[in-house]
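Let's walk through this structure together, starting with its charged pairs and then moving out to the fold and the surface. Keep the model open as you read.

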Amino acid sequence: MPFSLIPFALLVIPLLEIAAFVVIGGQIGVFPTLALVVVTAIIGSILLRVQGFGLINRIQNEMNAGRVPARELVHGVMLLIAGVLLLTPGFVTDTAGFLLFVPPLRDAVWSFLRKRIVVVGPGGTRAGPSEHRSDPRDGQTIDLDEDDFIRDPDPDTPWGDDPPDRRS
């Protein structure tokens with residue numbers, strides 16, 4: 001989401017929530033409306049617990065198989081967002097939160113995101129668009145000793161004569 005849309009969303013979402021409260025409260029009454037908000041928060045916390053534990057098991061299975069659990073991690077973030085939305089009082093945020101609990105919708109978001117993100121796991125294993133690129137070092141790290149690396153002063157630098165690590 002571009003940062004210019006965030007102030008707009010911070011204004012529009014509360015207005016939509018107020019309108020939903022007024023409309024629903026006018027239809028079913030004040031106390032049933034408040035009870036409905038509490039019930040959705042309880043149902044959301046139960047769903048978050050059930051799907052969260054299932055997700056943790058899938059992440060562990062993927063890691064035990066030696067694969068990067070990229071899909072599961074993105075699903076975890078979406079479940080976290082869903083939990084926050086469901087615990088936020090309101091019908092608009094509850095609707096968005098419940099939609100994030102639907103696995104096909106999360107898979108659609110994952111298929112959109114996986115072309116744009118790279119998840120790097122332990123040992124440099126990658127999942128994402130760069131996993132098919134060839135690395136000329138084949139995943140090896142080149143580590144230099146202090147004797148192997150010498151920094152000579154650059155006469156063209158605007159920062160002074162000495163490199164920053166040799167200044168006193």
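Glutamate 72 pairs up with arginine 71 in a salt bridge, with 3.7 Å between the closest N and O atoms. The term salt bridge here means that a side-chain nitrogen of Lys or Arg sits within 4 Å of a carboxyl oxygen of Asp or Glu. Side chains of opposite charge can pair when their charged atoms come close. Glutamate 72 counts as buried because its relative accessible area is 8%, while arginine 71, at 30%, is partly exposed. The cut-offs for those words are under 20% relative accessible area for buried, over 50% for exposed, and partly exposed in between (1.4 Å probe, protein chains only).

Before going further, a word on what you're looking at: this is a predicted model, so local features need pLDDT of at least 70 and side-chain atom pairs count only at pLDDT 80 or more, whereas totals for chains, interfaces and linings use all residues. Residues are numbered from 1 along each chain as its sequence is written, and side-chain values use heavy atoms, with hydrogens and water left out.

Back to arginine 71, which also forms a salt bridge with aspartate 107, the closest N and O atoms being 2.8 Å apart. What does this pair tie together? Arginine 71 is in helix 3 (residues 70-87) and aspartate 107 is in helix 5, so the bridge links parts that are 36 residues apart in sequence. Through shared partners, Arg71, Glu72 and Asp107 end up in one salt-bridge network. Aspartate 107 is partly exposed, with a relative accessible area of 30%.

The count of salt bridges comes to three. One of them joins the side chains of glutamate 62 and arginine 67, at 2.9 Å from N to O. Here glutamate 62 is buried, at 18% relative accessible area, and arginine 67 is partly exposed, at 47%.

Now for the overall layout. The protein chain has five helices and two strands, and from the N terminus on they run α-α-α-α-α-β-β. Helices (H or I, at least four residues) and strands (E, at least two) are DSSP runs, numbered from the N terminus. Of the 168 residues in the chain, 23% are buried.

Threonine 93, in helix 4 (residues 91-100), is buried because its relative accessible area is 10%. Leaving out residues up to four places away in sequence, threonine 93 touches Ile13, Glu17, Leu85 and Thr88; contact means heavy atoms within 4.5 Å. Leucine 105 belongs to helix 5 (residues 103-113) and is partly exposed, at 34% relative accessibility. With the sequence neighbors up to four places away left out, leucine 105 touches Leu99 and Leu100.

Finally, the surface. Leu11, Leu15, Ile18 and Val22 make a nonpolar patch of about 410 Å², with accessible areas taken from the Shrake-Rupley method with a 1.4 Å probe, only the protein chains shown counting as cover for residues. Patches are made of residues with over 30% relative accessible area and no salt bridge, with like charges joined within 9 Å and nonpolar side chains (Val, Leu, Ile, Met, Phe, Trp, Tyr) within 5 Å.
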